[in-house]
Amino acid sequence: MDIQTKLLYLVIDLLLPLAIGQACRSQTRLNASFFQRMIILNICLVYPVLAGLTIWSLRLNYELIGLPLMGVLLCIIPGIAAYLLVERKFDSELDKGSYLLSAMLSNTGTLGGLCTYIMYGEAGFAYTQMAVILQNVVMFMFCFPLARYYYQKSIGLPFDRQSVLSLFINRNQLPVVGMAVGVALNAVGVARPVFLEAVVDPLVHLGAWTALMPIGYSIDLYAMRQYYRKILDLLPIKLVLTPLVAYALGQVVFEETVLINTIVILAAMPTAINAVVAVQLNKLNVDLATASFVLTTAVCLVAALPILFVVLS
C-alpha cells in the first residue's frame with residue numbers, strides 16, 4: 001500500500017467519520033442512545049471478530065518478543081506520570097479517570113503506523129503492528145476496568161467482591177476473547193480459510209466508523225475549551241517524557257536503529273480516540289478526554305512529528 005493510499009485511508013477512516021458524527025449534532029433523528037448502541041456494536045461484535053481474524057493469521061515471531069512488551073511500557077510510562085499528578089489536579093473522580101486514560105492510551109496503531117511507514121517503509125509498519133499487540137489487551141483488561149472503577153467511585157458504589165469481578169468480567173472484555181481465540185487457532189496451527197481474508201478489510205472500515213462516528217457526535221467544541229489549560233501537562237508527558245524514556249529503554253533492549261527509532265516515534269503519539277471511547281462508554285468526563293485528543297493530536301502533527309522526522313532521518 002503506497003503513501004497516497006494510506007493518507008486516503010486516514011481521511012476516510014479517521015477524519016470523515018468524526019466530521020459526520022459532529023454534523024449529526026445538528027439533527028434530532030439520531031440521538032445519543034443511537035450512537036451509544038453503535039459503540040456497543042463495535043466493542044461486542046466488530047472488534048472481537050476483527051481481532052480474532054487478524055491474530056489468527058499473524059506470523060508469530062518470538063525473537064521480537066521485546067516489541068509487545070515495549071508497547072505495554074508506552075502505556076505505563078505516561079500512566080505513572082499522570083497518576084502522580086491526578087490527585088492534585090482534579091477533585092472529581094470522573095475527571096481523574098478521564099485524565100489517566102487520556103495519558104495512557106495513545107494513537108500508536110493508526111497515526112503511529114502511518115508515521116513509521118513513511119519513515120521506514122514496511123519494516124517500520126511491521127514493527128508497529130507487533131508493538132501494539134499487547135496494547136489492546138492493556139486497553140480492554142486494564143484501562144476499561146479502570147474507567148469503570150472511577151465511575152463506580154463517582155457514584156459512591158461500594159466495592160464488594162461482586163463489583164470488583166464485574167470490572168473484569170463484562171461485555172467490554174469480548175475483544176480479549178476474540179484475541180484469545182485468534183491466538184489459540186494460530187498456536188495450534190489451524191490455517192485461516194482463504195475466504196475470510198476478504199472479510200478483514202470491510203471489518204477494518206466498519207470498525208473505524210462504528211468507533212469514530214459516536215466520538216464525533218460526542219465532541220462539544222464549546223464545552224471542551226474549559227479543559228485545555230488543565231491538560232496542558234499532558235503535552236510534555238506524552239510528547240517529551242515518554243519518547244525520551246522509550247529511547248533510553250530501546251537502547252538497552254534493541255540493537256537495530258530502525259527498531260529503536262520506531263519505538264521512539266510510537267512513544268510520541270497523541271491521545272488515542274480509544275481513550276474517548278472508553279471514557280464515553282463508562283460515563284466519565286467525555287469533554288476532558290476529547291480536549292486531550294484534539295490538543296495532543298494538533299501539537300503532535302504540527303510540532304512533535306516534524307522534529308522527530310528531522311532528528312531521526
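In which handedness of crossing does α4 pass α13? Let's find out, starting with some ground rules.

## About the model

This is a predicted model, in which local features need pLDDT of at least 70, side-chain atom pairs count only at pLDDT 80 or more, and totals for chains, interfaces and linings use all residues. Residues are numbered from 1 along each chain as its sequence is written, and side-chain values use heavy atoms, with hydrogens and water left out.

## Two packed helices

Helices here are DSSP runs (H or I, at least four residues), numbered from the N terminus. Helix α4 (residues 93–104) packs against α13 at an angle of about 25 degrees, and their axes, lines fitted to C-alpha atoms over the stretch in contact, are 8 Å apart. The two helices are therefore roughly parallel (angles under 35 degrees count as such). The crossing of α4 past α13 is right-handed, meaning that the near helix is turned clockwise from the far one by less than a right angle.

From α4, Asp95, Ser98, Tyr99 and Ser102 meet Leu288, Ala289 and Ser292 of α13; contact means heavy atoms within 4.5 Å.

## Two loop residues

Leu196 sits in the loop between α8 (174–187) and α9 (197–218). Its relative accessibility is 16%, so Leu196 counts as buried (under 20% relative accessible area, with a 1.4 Å probe and protein chains only). Beyond neighbours within four places in sequence, Leu196 touches Leu53 and Trp56.

Lys283 belongs to the loop between α12 (273–281) and α13 (286–312). With a relative accessible area of 53%, Lys283 is exposed (over 50%). Lys283 is not a glycine, yet has a positive phi of about 60 degrees. Most residues other than glycine have a negative phi.

Technical notes. Axes fitted to C-alpha atoms, helices over the stretch in contact; angles between N-to-C directions. Parallel < 35°, antiparallel > 145°, perpendicular 65-115°, else oblique.
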